[in-house]
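Visitor: Could you walk me through this one? I have the sequence and the model open.

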Amino acid sequence: MVDRICISINNRCNLSCRYCHFYEKKSNINVNTMDVFKILDNVIASIEKNNISVFKVGFVGNGEPLMDFELLKSYLLYIAKYLEQGRIAAYTISNGILINKEILQFFKKYHVNVGFSIDGIESVHNKYRCGTHAKVMEKINLYKDINGKYPSMNCTVGKETLSNADETIEFFKQFNNRITFSRMIGKYGISFDDFNVFLKKATRILNVRTGGYDCTMYGGMCGAGINNFFYANGNVYICGNCIDMKPLGKSEMPFSQLERLNLNFDRNYCYKEILCE
Ligand code: SF4
Ligand code: SF4
């Protein structure tokens, strides 16, 4: 049963990180005209019909959601009752640049988890993420002031992370929080095996997201087509990495149709990589 979706609300970004697949796939990403309220109506209908205790909604995707904070706010207010009851767990992931006190207080009020993208030590982060390390750290500290703890963080692992593995792990140790490491793909990408060696090492010391039917890019098994779908461009896709493949249908499509999808493959491997080989 579908109990988790990601929604790309705007398809635009204020940074141009070197490894970003958003730029590599730009020809497949349009200005967003999607009716997000209709998707949220489907979420609410499914919660009520199926008595789902917690439905996860990620406002994440191709771009920086906080560039359209007013829009994001309107979506969150639309589901405010469910956020307050804990029946919808909403989250977003930000590059941190536009974060401010008002945004953080709004997220706090509605229990919206905000993850920060930060690629570990300054030299590695700055190489790919437009020299923004100091700025992101400033916003991470603002988060800590408001919430009394550090936020969850997302780190993309590339060659430079591997050659600074100990320093990267040491950097994240100070926050005592949850880290999602994801494998860099595309032209600067690293191998699955190299990524898993790093992940194993990091998991011994840090609280790392890993395992289960999720995504091989995060060290789990491929969860394609099980319970989690991705919305962008007015369409629904298998996952955010499959945006350059044929969509499953229009974004307003009821979840019951998505649940009919039956994908049989070895889930130790990425469904998309299997199809594209
Ligand atoms: S902040 Fe995210 S979406 Fe924006 S360019 Fe960087 S990786 Fe891409
Ligand atoms: S198809 Fe690939 S990128 Fe998509 S969820 Fe599966 S492992 Fe991850």
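**Ligand shell and fold**

Guide: By class, the shell around ligand 2 has nine nonpolar, three polar and one charged residues, where Ala, Val, Leu, Ile, Met, Phe, Trp, Tyr, Cys and Pro count as nonpolar, Asp, Glu, Lys and Arg as charged, and the others, Gly among them, as polar. This is a predicted model, in which local features need pLDDT of at least 70 and side-chain atom pairs pLDDT 80 or more, while totals for chains, interfaces and linings use all residues. Residues are numbered from 1 along each chain as its sequence is written, and chains are lettered from A and ligands numbered from 1 in the order in which they are written.

Visitor: Which residues come nearest to ligand 2?

Guide: Of 13 residues around ligand 2, the nearest are Cys-215, Cys-222, Cys-239, Asn-241 and Cys-270; a residue counts as near if its C-beta atom, placed from the backbone, lies within 6 Å.

Visitor: Switching topic, how many helices and strands are there?

Guide: The protein has twelve helices and twelve strands, taken as DSSP runs (H or I, at least four residues, for helices; E, at least two, for strands) and numbered from the N terminus. Its radius of gyration, over C-alpha atoms, is 18 Å, close to the 19 Å that the globule rule gives for 277 residues, so the protein is as compact as a globular protein of that length; that rule is 2.2 Å times the number of residues to the power 0.38.

Visitor: And what box do the C-alpha atoms fill?

Guide: Along the principal axes, the box is roughly 50 × 45 × 35 Å.

Visitor: What share is buried?

Guide: Of the 277 residues, 38% count as buried, meaning that 20 or more other C-beta atoms, placed from the backbone, lie within 10 Å of the residue's own.

Notes. A residue is buried if 20 or more other C-beta atoms lie within 10 Å of its own, exposed if 12 or fewer, and partly exposed in between; C-beta atoms are placed from the backbone.
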